Amino acid sequence: MWNLAVPWWELLARSAVVYVFLLALLRLTGKRQVGQLAPFDLVLLLVLSNAVQNSINAGDNSLIGGLLSATALVGLNYLAGLATYRGKRLEALLEGRPEILIHNGKLFERVMAEAKLTRHELNAALRLAGCASVEEVHLAVLENNGAISVVPGKGRRREARNGTARAGGEGGFSGGPPAPAADRREEGDRTPREGDSPASGTGSAT
């Protein structure tokens with residue numbers, strides 16, 4: 001359990017090579033492999049992790065060997081994150097840049113084809129944002145992590161706000177927004193209107 005079958009430095013070197021290889025491989029296959037996982041993508045990642053296991057440990061089943069490999073992988077991941085944080089060029093190389101999918105209702109088919117993104121996946125993201133069609137979208141962006149962020153158009157945002165206000169008014173709960181000033185005046189509110197004279201109040205001066 002404690003005896004290494006291979007030198008410790010070989011385990012570290014194998015871990016580094018496999019980490020860099022997988023990082024480059026996933027970067028080349030696109031952002032979908034990271035964020036938008038279809039069932040076959042998930043199967044691929046699970047099988048891939050099992051396929052490279054022997055490449056890392058070289059048949060060594062000792063406890064020390066596993067701890068060394070795990071430490072090397074976590075350390076490499078930390079260094080990669082630190083490097084992308086400090087260097088924008090390296091960040092663009094390793095993580096890529098956000099890509100615009102939709103702008104003002106116009107869909108960019110070329111960007112979708114390069115990202116291997118289907119219309120079904122795009123429509124699912126639009127529905128989550130409350131948009132029924134591409135024309136209702138102001139901006140949709142494929143982020144570095146593979147997620148799709150959607151900004152609805154102005155008309156759609158206005159409809160959402162109006163729907164929220166109506167839902168709050170019909171609910172009758174006490175924690176909702178106050179009634180408009182016009183409604184309060186209809187109910188006998190004594191708040192003066194803009195332009196009213198001091199003598200036009202509802203109460204008489206004594």
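This is a predicted model: local features need pLDDT of at least 70, side-chain atom pairs count only at pLDDT 80 or more; totals for chains, interfaces and linings use all residues.
Q: Is Leu128 buried or exposed?
A: Leu128 belongs to helix α7, and its C-alpha atom is separated by 8.8 Å from that of Val150, 22 residues apart along the chain. Exposed means over 50% relative accessible area. Leu128 has 79% relative accessibility, so this residue counts as exposed.

Q: Which residue just after α7 takes a positive phi?
A: The position in question follows directly on helix α7, and its phi is about 85°. The residue is Gly130.

Q: How many residues does the largest nonpolar core have?
A: Leu101, Ile102, Leu122, Leu126, Val137, Ile148 and Val150 are the residues with the most contacts inside this core. The elements giving two or more residues to it are β1 (99-103), α6 (109-114), α7 (119-128), β3 (137-142) and β4 (148-152). A second, separate core of five residues includes Val18, Leu22, Leu48 and Ile56. The largest core, for its part, has 17 residues.

Q: Which residues does Val150 touch, not counting residues up to four places away in sequence?
A: Val150 is among the residues with the most contacts inside the largest nonpolar core. Leaving aside residues up to four places away in sequence, Val150 touches Ala125, Leu126, Ala129, Cys131, Val137, Leu139 and Ala140.

Q: How far apart are the end C-alpha atoms of helix α4?
A: Helix α4 comprises 24 residues, 63-86, and at 1.5 Å a residue it should span 34 Å.

Q: What covers the buried residues of α4?
A: The buried residues in α4 are Gly65, Ser69, Ala72, Ala80 and Thr84. Their cover includes α1 (8-29), α3 (53-57) and α5 (88-95).

Q: Which residue has a side-chain oxygen that reaches the backbone nitrogen of Gly65?
A: The contact is found at the start of α4, where the oxygen comes to within 3.1 Å of that nitrogen. Gly65 itself is buried. The side-chain oxygen belongs to Ser62.

Q: What is the relative accessible area of Leu73?
A: Leu73 is part of helix α4 and touches Ser15, Tyr19 and Ile56, not counting residues up to four places away in sequence. The C-alpha atoms of Leu73 and Val20 are separated by 10.0 Å, although the two residues are 53 residues apart along the chain. Leu73 is partly exposed, and its relative accessible area is 27%.

Q: Is Asn57 buried or exposed?
A: Asn57 lies in helix α3 and touches Val6 and Leu11, not counting residues up to four places away in sequence. A polar atom of the Asn57 side chain lies 3.0 Å from the backbone nitrogen of Gly59. Buried means under 20% relative accessible area. At 12% relative accessibility, Asn57 therefore counts as buried.

Q: Where is the place of Ala58?
A: Phi of Ala58 is near 55°, a positive value in a residue other than glycine. Ala58 is partly exposed, with a relative accessible area of 29%. Its place is in the loop between α3 and α4.

Q: Where does Asn104 lie?
A: Asn104 is not a glycine, yet it has a positive phi of about 55°. Asn104 lies in the loop between β1 and β2.

Q: How many helices and strands does the chain have?
A: From the N terminus on, the order of elements is α-α-α-α-α-β-β-α-α-β-β-α-α. The chain has nine helices and four strands.

Q: What percentage of the residues of the chain count as buried?
A: The chain exposes about 14400 Å², of which carbon and sulfur atoms supply 60%. Among contacts with a separation of 6 or more, residues 24 or more positions apart account for 60%. Of the 206 residues, the share that count as buried is 24%.

Key
Residues are numbered from 1 along each chain as its sequence is written. Side-chain values use heavy atoms; hydrogens and water are left out. A nonpolar core is a set of buried Ala, Val, Leu, Ile, Met, Phe, Trp, Tyr and Cys residues joined through side-chain atoms within 4.5 Å. Buried means under 20% relative accessible area, exposed over 50%, partly exposed in between (1.4 Å probe, protein chains only). Contact means heavy atoms within 4.5 Å. The expected span of a helix is 1.5 Å times one less than its number of residues. A polar contact is a pair of N or O atoms within 3.5 Å; within protein, one must be able to donate a hydrogen and the other to accept it, and residues adjacent in sequence count only if both atoms are side-chain atoms. Accessible areas come from the Shrake-Rupley method with a 1.4 Å probe; for residues, only the protein chains shown count as cover.
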